[in-house]
Amino acid sequence: MSTPRPEFERPPIDAGHIGDIERPLPLGERILRNDAVQRIAIILLLIAAWEAYARWLDYALLFPTFTETIRVAWTDFGELSMRIAATMRALLIGYAAGLACAAVLTTLAVASDFGARFLSTLTAMFNPLPAIALLPLALIWFGLGTPSLVFVIVHSVLWAVALNTLTGFRAVPETLRMSGRNLGLKGVRYVLLILIPAAFPSILAGLKIGWAFAWRTLIAAELVFGASSRSGGLGWYIFAARSELDTARVFAGLLAVIVIGLLVEAVIFRAIEARTVKLWGMQR
Amino acid sequence: MNAAPLSLLEVSGVTLQYKTARHLVTAAYKVDFEVRQADRYVILGPSGCGKSTLLKAVGGFMAPVEGTIRMRDRPVTEPGPDRMMVFQEFEQLMPWKTVEQNVLFPMKVTGKFPRDEVEKRALAAIDKVQLSPFRDVYPHMLSGGMKMRVAIARAMALEPDILLMDEPFAALDALTRRSMQQELLTLWKQLRFSMLFVTHSIEEAMLVGSRILILTPHPGRVRAELDTSMFDFSNIDSPDFGRMAKRIHGLLFDDRTAVPA
C-alpha cells in the first residue's frame with residue numbers, strides 16, 4: 001500500500017548570497033579563452049618549430065632560419081615594400097572591379113528569372129576555370145602589366161562573390177521578405193535595406209573566398225610572367241630571388257605573402273564579422 | 001446605440017487560389033466579411049480553411065481570382081504600411097537591427113511621421129510592451145515572447161489603419177501565450193486599434209476577439225459570424241463562455257451537433 005503524499009506550499013528559499021546571477025570570469029581565465037591570445041600562441045609555436053628545424057638542418061641554401069629570413073626582409077625592406085605596394089595596387093583594382101561586376105550580375109539575377117539563369121549558367125561555365133589559365137589570353141589582349149593582372153583577378157573574384165550572394169538572397173526567409181514588402185519597399189531600396197543585410201553571412205563568405213582566390217591568382221600570375229623587374233610585384237620578387245638561388249629572400253617573399261593574407265583574414269574580415277554577423281547572431 | 005461605426009475593410013465574394021508545383025489549390029471560396037473601426041475581428045477555422053491565405057490577400061501579398069477586397073473604400077492591390085502585418089514566425093524581425101532600430105525602421109522607411117518624432121514614438125511603443133530595458137539588444141538575444149512583443153510594438157508604432165495578425169501567438173509556450181493575449185487586450189483597451197486576427201484556437205478567438213468569423217475547411221467558406229465582445233479573462237469560467245465555446249466547437253467540427261443560438 002502506498003502512503004498518501006501531503007500537498008504543500010512554501011516561500012522560495014533565499015538565494016541572495018549567490019550574488020549576481022551573471023558574473024564576469026576571472027581575468028586569467030578570460031585571457032586564456034581569448035581568441036587572439038590563442039592564435040598568437042599558435043603562430044609563435046610554428047615560428048619556434050621553424051627556427052629549431054632550420055638550426056638542426058643547418059643548410060641555409062635549402063632552409064634558412066626564421067631569424068635569417070627576418071634579417072633579409074629587414075635589409076630588403078625598401079624593395080620589399082615597393083613590391084608589396086605594386087601587388088596590392090593591382091589586387092585592389094581587380095578586387096573592386098570584380099565586386100562591381102558581381103553586383104551588376106546579381107542585381108540582374110534578382111530582378112528577373114532570365115537574369116538568374118544567365119548568372120547561374122555563366123557561373124557554371126567559368127567558376128571551374130582556373131583564373132591563371134586565362135593569363136596567356138590576357139597577355140595577348142592586354143600585354144604585360146597591370147591590365148592583364150586585373151583581368152585575371154576579376155575573373156577569380158567575380159564568380160565566387162556572385163554565386164555566394166545569389167545563394168544568400170535565395171535563402172532569405174519568406175517572412176522577412178514579406179515584412180519588408182509590407183512596408184511598401186520595392187526595387188533597389190528592397191535589395192539594399194532587406195536582401196543585402198539578410199544575406200550578409202553568405203555575401204561575407206563570398207567576399208572572403210573572392211579575396212583568397214584573387215590573392216592566390218595574383219601571386220601565381222606574377223610568378224609566371226616576368227614583367228619588367230622595376231614594376232613587378234611580390235611574385236616577381238620571389239621569382240627573381242629563386243633565379244639567384246637566394247633562398248632567404250624567397251622565404252622573405254613567401255613570408256610577406258603569408259603575413260598579408262593572415263592580416264586581411266584575421267584583422268579586417270574578423271573585424272567585419274564581429275561587427276556584423278556575430279553581433280546579429282547570424283553566425284556563431 | 002450610437003452612429004454606425006465606420007466600415008474599414010470590406011471583403012466581398014473573395015475566392016483565393018494559389019499554385020504549388022503540381023496543384024492549383026483553392027484556399028477560400030466566395031468569402032464575405034466586413035471589419036469595422038476598433039473591431040477585434042477574428043478569423044477562426046481548422047487548418048486548411050484558408051484563413052492565413054485570406055489574411056495575406058488583405059495584406060496585399062496575393063490577389064483574389066474573384067471578388068474584391070476594399071480598404072477604406074479603396075481596392076487593395078499591393079502590400080502597404082496601412083495594413084501592418086504581425087507574423088507567426090520570429091524571423092519577421094530584422095536580425096541586424098536592435099529592438100529600437102526594428103521599431104524605428106518602418107517609421108523611417110515610410111516617412112509617415114516627422115523625423116524628430118520617430119525616436120519618441122519608438123520608445124513609447126517599446127515601453128508599452130514592457131521592453132524598455134532591452135531596447136539596445138539584438139533580436140537573437142530575446143525569447144520568443146519578447147520577439148513577438150517587438151513585432152507588435154513595431155506594427156503599432158506605425159499606427160496602421162488595421163493590424164493584421166497571423167496566428168501571432170501560435171509558436172509561443174502556453175504560459176507566454178496567455179500573458180500575451182492579456183497584454184494585447186490591455187493595449188486594445190488603451191488604444192482601440194482595429195485588428196484582424198487569425199487563429200485556430202477557440203479559446204483564443206473568444207478572449208481576443210470581439211467578432212468571430214468561422215470558416216469551414218477545403219475550401220474555406222463562411223460558416224458563421226458571432227459576437228464575442230462580452231467575453232474576456234474575467235468570465236473565462238462562466239457558463240456562458242462554456243456554452244459559446246461549445247457552440248463554436250459544433251460549428252467547426254460537426255454540423256449535426258451545432259447548437260442554435
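Student: What radius of gyration does chain A have, and what would a compact globule of 284 residues have?

Tutor: Chain A has 27 Å, whereas a compact globule of 284 residues would be near 19 Å. The radius is taken over C-alpha atoms, and the globule rule is 2.2 Å times the number of residues to the power 0.38. Along its principal axes, the C-alpha trace of chain A spans about 95 × 60 × 40 Å. The model is predicted: local features need pLDDT of at least 70 and side-chain atom pairs count only at pLDDT 80 or more, while totals for chains, interfaces and linings use all residues. Residues are numbered from 1 along each chain as its sequence is written, and chains are lettered from A and ligands numbered from 1 in the order in which they are written.

Student: Why does the radius of gyration of chain B agree with that of a compact globule?

Tutor: For 261 residues the rule gives a value near 18 Å, and chain B has 18 Å, so the two agree. The C-alpha atoms of chain B fill a box of roughly 55 × 45 × 45 Å along the principal axes.

Student: What secondary structure do the chains have?

Tutor: Chain A comes to 12 helices and zero strands. Chain B has seven helices and 10 strands. Helices (H or I, at least four residues) and strands (E, at least two) are DSSP runs, numbered from the N terminus.

Student: Why is helix 10 of chain A called oblique to helix 11 of chain A?

Tutor: Helix 10 (residues 200-224) and helix 11 (residues 234-243) of chain A pack at an angle of about 45 degrees, with their axes 7 Å apart. That angle makes helix 10 of chain A oblique to helix 11 of chain A. Angles under 35 degrees count as roughly parallel, over 145 as roughly antiparallel, 65 to 115 as roughly perpendicular and the rest as oblique. Axes are lines fitted to C-alpha atoms, for helices over the stretch in contact, and angles run from 0 to 180 degrees between N-to-C directions.

Student: Which residues of helix 10 of chain A meet helix 11 of chain A?

Tutor: Ile219(A), Ala221(A), Glu222(A) and Leu223(A) in helix 10 meet Leu234(A), Gly235(A), Trp236(A), Ile238(A) and Phe239(A) in helix 11. Contact requires that the C-beta atoms, placed from the backbone, lie within 7 Å. By class, the residues of this contact divide into seven nonpolar, one polar and one charged. Ala, Val, Leu, Ile, Met, Phe, Trp, Tyr, Cys and Pro count as nonpolar, Asp, Glu, Lys and Arg as charged, and the others, Gly among them, as polar.

Student: What makes helix 4 of chain A and helix 10 of chain A oblique to each other?

Tutor: Helix 4 (residues 77-111) of chain A packs against helix 10 of chain A at an angle of about 135 degrees, with the axes 10 Å apart. The two helices of chain A are therefore oblique to each other. Among the residues of helix 4 that meet helix 10 in chain A are Gly94(A) and Gly98(A). This contact has seven nonpolar, four polar and one charged residues.

Student: How many residues are in contact between the domains of chain B?

Tutor: The domain assignment, which is automatic or from a database, gives domain 1 (1-82 + 162-261) and domain 2 (89-159) of chain B. Their C-alpha centres lie 25 Å apart. In contact are 11 residues of domain 1 and 12 residues of domain 2 of chain B. Helix 5 (residues 174-191) of chain B gives the most to the domain 1 side, with four residues.

Student: How many residues does each chain bring to the contact between chain A and chain B?

Tutor: Chain A brings 15 residues and chain B 20 residues. The largest share of the chain A side, five residues, comes from helix 8 (residues 174-181) of chain A.

Student: Where is the peptide bond that is cis, and which residue has a positive phi?

Tutor: The bond from His218(B) to Pro219(B) is cis, with omega near -15 degrees. Phi of Leu245(A), a residue other than glycine, is near 55 degrees. Most residues other than glycine have a negative phi, and most peptide bonds are trans.

Methods. Contact = placed C-beta atoms within 7 Å.
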